[in-house]
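Try each task before reading on to its solution.

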Amino acid sequence: MGRIIGFVSGKGGVGKSCITAGIGKALANLNKSVCLVDFDFGLNNLDLMLGIETNVVYDLTDYFAGRSRLRQTLVPDNEFDGLYYLSTHKASSFDAIDKSLLKEVITKLGEVFEYVLIDCSAGMGQDFKFIIDCVNEIIIVSTPNICAIRDASKVASEVFKLKKQAGVIVNKLRGDLVLGGKSFDEKQIAKTLGLKLIGVMPEYEAISVYSSIKSVYNTSLEVKNAFIVLAKNILKNTSFCVDYTYKFKGVIGALRRKLKARA
Ligand SMILES: Nc1ncnc2c1ncn2[C@@H]1O[C@H](COP(=O)(O)OP(=O)(O)O)[C@@H](O)[C@H]1O
Ligand SMILES: [Mg+2]
């Protein structure tokens, strides 16, 4: 049985889809078989992050209605042989989906793939409760923003109540702000949330200006490396973090920090 991991958050826009897509690509790059499931009904954009939006033909609703087989519904990635994407873009809402069929599909994917990564919607609605029940592990994504941390802590308590294994990835960390004492760092955030730190993803301009011509994974070498480190942490249960502060250390670094603060 493969590892079925749900990517959740309290606050929206913290980078769940981006992180799910990047880690999926990185795991496939490390020769793992991976299926990415778009579970943000009505607001899905994982296909854009993977750069395969034009390849999507069938979605889960087609499979449920018997218009496609599961094998046909899974969209192969453009880059990695072992990577597939399951779309839900035709489903207007979570309510419109047959839950027992949905659970069956997730279990089936877990039997076929080494990793099933589920990109969830923000918050703690019915879909959140359903997904917690389906997965083996939960990754809570948060940014260093105070509101995101508070919302992540509410999600974490819900996950603890349901006795699921959970960890946190801190996204959009900025070295200049952390060194300047203006932002929490990943250790403070993991400690506040009482969660195991899975790793960090710095804030990269390459990601924020990303257009779906290539996947988010390929926006820059630094971005790719950071996703590989996250994927290895998931594989090996480690917590290595890329150094996102190095550019802002020393005399030149201090100058960079000043310039950034003025911008
Ligand atoms: N590490 C990052 N650096 C810069 N921009 C990021 C980063 N992670 C995510 N973003 C940007 O933040 C926005 C929200 O990301 P998204 O993955 O859609 O969040 P969510 O799925 O949690 O709603 C997107 O525009 C994305 O490009
Ligand atoms: Mg999303």
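**Exercise 1: a helix pair**

In this predicted model, helix H5 (residues 99-112) packs with helix H6 (residues 126-134) at an angle of about 40°, and their axes are 11 Å apart. Work out how H5 and H6 are oriented to each other, and which residues make the contact.

*Solution.* Start with the angle, which is about 40°. Angles under 35 degrees count as roughly parallel and those from 65 to 115 as roughly perpendicular, so H5 and H6 are oblique to each other. Next, take the handedness: the crossing of H5 past H6 is right-handed. Then look at the side of each helix in the contact: H5 contributes Lys99, Leu102, Lys103 and Ile106, while H6 contributes Phe130, Ile131, Asp133 and Cys134. Sorted by class, these are five nonpolar and three charged residues, with no polar ones.

**Exercise 2: two positive phi values**

Most residues other than glycine have a negative phi. Asparagine 31 has a positive phi, and lysine 172 has one too. Find where each residue sits and classify its exposure.

*Solution.* Take asparagine 31, whose phi is near 70°. Asparagine 31 lies in the loop between helix H1 (16-29) and strand S2 (34-39). Its relative accessible area is 69%; exposed means over 50%, so asparagine 31 is exposed.

Now turn to lysine 172, with phi near 60°. Lysine 172 belongs to strand S7 (residues 165-173). Its relative accessibility is 35%, which falls between the 20% and 50% cut-offs, so lysine 172 counts as partly exposed.

Note on methods:
Residues are numbered from 1 along each chain as its sequence is written. Chains are lettered from A and ligands numbered from 1 in the order in which they are written. This is a predicted model: local features need pLDDT of at least 70, side-chain atom pairs count only at pLDDT 80 or more; totals for chains, interfaces and linings use all residues. Side-chain values use heavy atoms; hydrogens and water are left out. Axes are lines fitted to C-alpha atoms, for helices over the stretch in contact, and angles run from 0 to 180 degrees between N-to-C directions. Helices (H or I, at least four residues) and strands (E, at least two) are DSSP runs, numbered from the N terminus. Angles under 35 degrees count as roughly parallel, over 145 as roughly antiparallel, 65 to 115 as roughly perpendicular and the rest as oblique. A crossing is left-handed if the near helix is turned anticlockwise from the far one by less than a right angle, and right-handed if clockwise. Contact means heavy atoms within 4.5 Å. Ala, Val, Leu, Ile, Met, Phe, Trp, Tyr, Cys and Pro count as nonpolar, Asp, Glu, Lys and Arg as charged, and the others, Gly among them, as polar. Buried means under 20% relative accessible area, exposed over 50%, partly exposed in between (1.4 Å probe, protein chains only).
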